[in-house]
Amino acid sequence: MTNGNIILCGFMGCGKTSVGRRAAKLLGRKFCDLDQYIEEREGMTVKEIFAQFGEAGFREREAQAVREVAARRGLVVASGGGTVLRAENVEAFHRGGGVVVYLDAPLAALQERLKRDKRRPLLQVPDRRRVIAQLHAQRGPLYQGAADLTVDAGAPPLAVAKRVAAACRTWKAAGSEQEKAKA
């Protein structure tokens, strides 16, 4: 994992962006927010992409962005909450020595963090708490399946970023020891 990417995955509101920025700084890496990358690439907000092309159109653009970002090295990447819905995205992130870190936040904390959100298209519904619970139940196993590491994200962003940095350093050290054992 010397220069492979560190990819943060998890449910919307778990802190991928805020934790990612801090973790990148702690680890001396560049930060990339996948949704922001898509917005810059497309010249539209995620909300506008959903409105014009639907979720399927957004997911196509997201998959292309994943391929582009995964080809780079030395990044901390905040993936989108639904990025792991496609196995091809997870595979792309793992190529080149990338490590996927699941930021696992409790459902109640996510519902609280997202209760006034106006940006996320999937949450612009009357019964937001129910939708969050349903999506969380659906996506939780996907995050776990995609992840090499799981970090408790139920703390302030800096504390979680320190956990991510420590877990990745341990992962790197374990990988180095495994490589030595193979040699």
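A salt bridge here is a side-chain nitrogen of Lys or Arg within 4 Å of a carboxyl oxygen of Asp or Glu. By that criterion, the whole structure contains twelve salt bridges. This is a predicted model, in which local features need pLDDT of at least 70, side-chain atom pairs count only at pLDDT 80 or more, and totals for chains, interfaces and linings use all residues. Residues are numbered from 1 along each chain as its sequence is written, and side-chain values use heavy atoms, with hydrogens and water left out.

One of the bridges joins E55 and R59, with 3.2 Å between the closest N and O atoms. Both residues lie in helix α3 (residues 46-70), four residues apart, which means a separation of about one helical turn; helices (H or I, at least four residues) and strands (E, at least two) are DSSP runs, numbered from the N terminus. E55 is partly exposed at 32% relative accessibility, while R59 is buried at 10%. Buried means under 20% relative accessible area, exposed over 50%, and partly exposed in between (1.4 Å probe, protein chains only).

D152 and R163 also form a salt bridge, at 3.9 Å from N to O. This pair links distant parts of the chain, since D152 is in strand β5 (residues 149-152) and R163 in helix α7 (residues 157-182), eleven residues apart. A network of salt bridges connects R41, E42, R61 and E68.

Disulfides, defined as pairs of cysteine sulfur atoms within 2.5 Å, number zero. For C14, the nearest cysteine sulfur, that of C9, is 7.8 Å away. C14 is buried, with a relative accessible area of 2%.
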